[in-house]
Amino acid sequence: MRLTLRRAALAVGIVALTAGCSTDTQWGRWGLPERITEQAKHIGDLWNGAWTASMLIGVLVWGLMGYAAIRFRRKRHGDKPRQNTYNLPLEIMYTIVPVLIIGVLFFFTVRAQDAVVVPDSSSPPQHTIRVVGQKWSWTFNYMEQNNSKVGAVVHDVGTIENFPDLYLPLNQKVRFELESADVIHSFWVPEFYFKLDVIPGRTNAFEVTPTKEGEFLGKCAELCGSYHSAMLFNVHVVSEEKYLEHLNQLKSQGQTGEIKVPAYITSVPVPSAKESQR
């Protein structure tokens, strides 16, 4: 009877662990949120691989520590294991193994980073959004002047009191070009599995293809000043029709023209009505 119960408990445990290994579950993602872009898979695989390797190495090290503690324990009072001044093979292993581990992690990290940051010439982006980070909010410039369904650059300027909305079309590649008007910020949408610094005097860029509709929260991931915690924005992944509808709504409200990063000031000015009509 006891043996039967133990077997049943073991079977239940195996089923639970197997179910938890699915990437569709919180356990399978190692606590990460559900990914919503095509490129997030590369970062997710890197994350899963790093955790798996870390656990295997940890189990190996703990096993060796346990083996040494038991195998070479003092068996009688006054006895001591043989003392060695050095062990050349072990010291070589202690040097080579960490270098190999770091080298492997570095290789897969660079490969995942390139898959997100390096532009894919075979599949150019369908939309470009120029993002300006300023103390303490975000400005989104939708570069749709060559899109016949919009025909203009439209923008959405956020403030501390009013978080801006970032609209993205489903299943269409978007290129983000990031610039800062003042200090270093960091553009982060957790469901992208990726964040990138926004640095004064430099344009950083990356590309994503949203694959899941919904509303998500973006934020600044770099401590940038007193109201850093207020640098939030709402991300809306919608159909192409709703995306174009939103842009045309901004256009009808006069929010046209690119908001560029100014020189030597710490805020982004909103263009005047005359400038908006250009």
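Reader: How many aromatic pairs does a search of the whole structure find?
Author: The search finds 13 aromatic pairs. Keep in mind that this is a predicted model.

Reader: Why is the pair of Trp47 and Trp51 called edge-to-face?
Author: Take the centres and the planes in turn. The ring centres of Trp47 and Trp51 are 6.0 Å apart, and a pair needs centres within 6.5 Å. The planes stand at 70°, and edge-to-face needs over 60 degrees. Both conditions hold, so Trp47 and Trp51 form an edge-to-face pair.

Reader: What separates Trp47 and Trp51 along helix H2?
Author: About one helical turn, because they are 4 residues apart in H2, which covers residues 40-71.

Reader: What makes Trp47 partly exposed?
Author: Its relative accessibility is 35%. Buried is under 20% and exposed is over 50%. The value for Trp47 falls in between, so Trp47 counts as partly exposed. Trp51, at 39%, is partly exposed as well.

Reader: Why is the pair of Phe187 and Phe233 called stacked?
Author: The centres are 5.1 Å apart and the planes meet at 15°. Stacked means planes under 30 degrees apart. The angle of 15° passes, so Phe187 and Phe233 are stacked.

Reader: Where in the chain do Phe187 and Phe233 sit?
Author: Phe187 is in strand E6 and Phe233 is in strand E10, residues 232-238. Phe187 and Phe233 are both buried. Both also belong to one aromatic cluster, whose members include Trp138, Phe140 and Phe176.

Reader: How do you know that the charged end of Lys195 sits over the ring of Trp188?
Author: The distance from the charged end of Lys195 to the ring centre of Trp188 is 5.2 Å. The limit is within 6 Å. The charge must also lie within 35 degrees of the ring normal. Lys195 is listed as sitting over the ring of Trp188.

Reader: Which residue stands opposite Trp188 in E9?
Author: Lys219 does. Strand E9, residues 214-220, runs antiparallel to E6.

Reader: How do you know that E6 and E9 pair?
Author: They are joined by 2 bridges. Pairing takes at least two. E6 and E9 meet that condition.

Reader: What is the order of strands in the open sheet?
Author: The order is E4-E10-E9-E6-E7, with mixed pairing.

Reader: What makes E4 and E7 edge strands?
Author: Each has a single partner strand, so one side of each has no neighbour in the sheet. Neighbouring strands of this sheet are turned by 25° against each other on average, direction ignored.

Reader: Which helix lies across E4 and E10?
Author: Helix H4, residues 240-252, does, and H4 runs at about 140° to E4.

Reader: Are Asn171 and Tyr193 buried or exposed?
Author: Asn171 has 51% relative accessibility. Exposed means over 50%, so Asn171 counts as exposed. Tyr193 has 10%. Buried means under 20%, so Tyr193 is buried.

How values were computed
Residues are numbered from 1 along each chain as its sequence is written. This is a predicted model: local features need pLDDT of at least 70, side-chain atom pairs count only at pLDDT 80 or more; totals for chains, interfaces and linings use all residues. Side-chain values use heavy atoms; hydrogens and water are left out. Buried means under 20% relative accessible area, exposed over 50%, partly exposed in between (1.4 Å probe, protein chains only). Axes are lines fitted to C-alpha atoms, for helices over the stretch in contact, and angles run from 0 to 180 degrees between N-to-C directions. Contact means heavy atoms within 4.5 Å.
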